[in-house]
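Hi,

Here is the structure I promised to pass on. Have a look at it first, and my notes follow below.

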Amino acid sequence: MPEVNVEINGRKYRMACEEGQQKHLIGLAERFNTHVEGLKGAVGEIGDNRLTVMAGIAVLDELAEAERKIKALETEVTVLARAGQEVAAEYEALEHKFAAKLGEAARALEGAAVVLDETAPLPHG
């Protein structure tokens, strides 16, 4: 199993990860370190453990907010999909009504053509 070295709050840590996940783990550690450094700048030196816990909670807060947004978007997609299905059903119903009216009009025209043919004078030849 590959190992990578990451740095959090000025300390180096050796971590194992799955093959091919090295860059991903390094990127996550850098991102987490950004949170730690940001908190350190905001609250000052409060101790490594407390700072790490606060950064972890901040990251989980961001995750919870992202999950809330995802759930809201999933609900919106469901509503829009249902609306799309309803519009498609309405369109299909209108298409059937139009086809029926078009058929009625065609039959009426055929009937009128028959009447015209019957009443038209015969050509003299």
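Starting at the N terminus, the chain's elements run β-β-α-α, that is, two helices and two strands (DSSP runs numbered from the N terminus, with H or I of at least four residues for helices and E of at least two for strands). Bear in mind that this is a predicted model, where local features need pLDDT of at least 70, side-chain atom pairs count only at pLDDT 80 or more, and totals for chains, interfaces and linings use all residues. Residues are numbered from 1 along each chain as its sequence is written, and side-chain values use heavy atoms, leaving out hydrogens and water.

As for overall shape, the C-alpha trace spans about 115 × 35 × 20 Å along its principal axes. Buried residues (under 20% relative accessible area, with exposed over 50%, partly exposed in between, 1.4 Å probe, protein chains only) make up 12% of the 125 residues.

The largest nonpolar core has ten residues, including Val4, Cys17, Leu25 and Leu51; such a core is a set of buried Ala, Val, Leu, Ile, Met, Phe, Trp, Tyr and Cys residues joined through side-chain atoms within 4.5 Å. Strand S1 (3–8), helix H1 (22–43) and helix H2 (48–119) each supply at least two of its residues, and H1 gives the most, with four.

Further along, Thr78 is found in helix H2. Thr78 counts as partly exposed because its relative accessibility is 40%. Its C-alpha atom is separated by 42 Å from that of Arg50, 28 residues apart along the chain.

Cheers
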